[in-house]
Amino acid sequence: MDYDMLVIGSGPSGRRAAVQSAKLGKSVLVVDRGRRLGGVSVHTGTIPSKTLRETVLNLSGWRERGFYGRGYRVKQDISVGDLIERLHKTLDHEVEVLQHQFMRNTVKSARAAVKFLGPNKVSLTADNGDYSEVGFANALIAVGTRPHRPSDVPFDKTRIFDSDEMLELDRLPRTLTVIGGGVIGVEYATIFSALDVPVTLVEPRNSILDFVDREIVDDFIHQMRDRGMTIRLGSAVKEIRSKPEAAEVELADGRTIRSEVVLYAAGRTGNVGSLGLDVVGIEADSRGRIKVDPQTFQTNVPNIYAAGDVIGFPSLASTSMEQGRVAACHAFGVTLPPPPETFPYGIYAVPEISTVGQSEEQMRESGVAYEVGVARFRETSRGHIMGVNTGFLKLLFSIETRRLLGAHIVGEGATELIHIGQAVINLGGTVDFFVNNTFNYPTLAEAYKIAGLDAWNRMGR
């Protein structure tokens, strides 16, 4: 059987490419070797970690502690069972929605391992050994990534886990060490800290989240330390040992951190090993990433595309979806306008961080004269009502054009609030938009008005 579009992987980019191709009237086959559709995003990455976060915040009463004190809890003894129950309900629902979407759009799906036999043919091998061959006009490689597992780290799922395995914990650890200050490490470290687990975060570099505005990161680190987390920056890991009574992380400076569990979350690797890319002449780098044309997502083989985490930065579910859609449109000759230069990043830590446009560091480097407007959530009535006493919004405006060039938020609801800043930036809006418009009151979004006025009063009319 031949298909117009073969999609390898059913995560955000694969799913979006499949549905877009079907909407264009094309025949589509999605192949995934996982037990269920949804890819890494649904089963071990985006959705599980965000569900875990939401469950932890609800059961722990974290959001109410501004009123009732740090000792407040909704449920006194929170077990892994409490977390997993909600997780499975959410995942079941996600898979159901995806299956229905494929059914509605006549997208066929198969569970098998894929191997390229040529630029227009692959073999499919099912778990039971059934073998078949499929032809295709276009293909999208959307196989995602898996946690990077160096050979000198003794992963054992007893003391030492990767980020996928953290979902299989049989009980909450008494103490946790997280190695890696990237997005995944930071999210898990703060989620477990919200459960009152003592957490140590270790990052070999001198900073974390380098792509985020420094002032936001500094505030975030302050909040983490303020609630008792230990953060070791500039600390290279010399050795990790799994002992019967505890895990030990020996640092290059001679210190040793002992904890019940270690999460190793330093990087991810593309799932390209078994695809037979060499047969079609596509190369992946040392971390399994495939190089593509950034506009069309074509590999060096014109009818084979790649999208999502397997092509590297920014590795966000949101951008992956758009990449899959753009690849499908290009494959079938649908011309799209160029995408906006800016898109939001969301980091679902506790507290959330979200950012769009230029950071203050980038503004300084570009030499553009700028003004900053800041609003702290505690300055809003909604913040008081919610018991939010931390978090702030920071806006960056060009003095010459008055346009908004960057919006950065740390705090409750950051990933939702950022879209106001995104819309204003991409529509070319100025500081006057925030000053002249009325915002619902009381809301956290009113912080945009406060930050706009803060900058406007210094910029002159």
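Visitor: What makes the second largest pocket a pocket, and how much space lies in it?

Guide: In this predicted model, about 780 Å³ of space lies in the second largest pocket. On a 1 Å grid over the protein atoms alone, a pocket is an open set of points with protein on both sides within 12 Å along at least five of seven lines. The volume is the space filled by probe spheres set on the points.

Visitor: How do you know which residues line the second largest pocket?

Guide: Lining residues have an atom within 4 Å of a point; 32 residues line this pocket, and Trp62, Gln223, Arg227, Asn389 and Thr390 lie nearest its centre. Helix α7 (214-226) gives the largest share, four residues.

Visitor: Why are β21 and β22 called paired strands?

Guide: Strands are DSSP runs (E, at least two residues), and two strands pair if DSSP finds at least two bridges between them. Strands β21 (residues 392-398) and β22 (residues 404-410) share six antiparallel bridges, so they count as paired. Phenylalanine 392 stands opposite valine 410 in β22.

Visitor: What makes β18 and β20 edge strands?

Guide: The open sheet has the order β18-β19-β22-β21-β20; β18 (345-347) and β20 (370-376) each pair on one side only.

Visitor: What does helix α12 touch?

Guide: Helix α12 (residues 414-426) touches β18, β19 (353-357) and β22, where contact means heavy atoms within 4.5 Å.

Guide: Residues are numbered from 1 along each chain as its sequence is written. Local features need pLDDT of at least 70, side-chain atom pairs count only at pLDDT 80 or more, totals for chains, interfaces and linings use all residues, and side-chain values use heavy atoms, with hydrogens and water left out.

Conventions
Axes fitted to C-alpha atoms, helices over the stretch in contact; angles between N-to-C directions. 1 Å grid on protein atoms, 1.4 Å probe; cavity = no way out; pocket = protein on both sides within 12 Å on 5 of 7 lines; lining within 4 Å.
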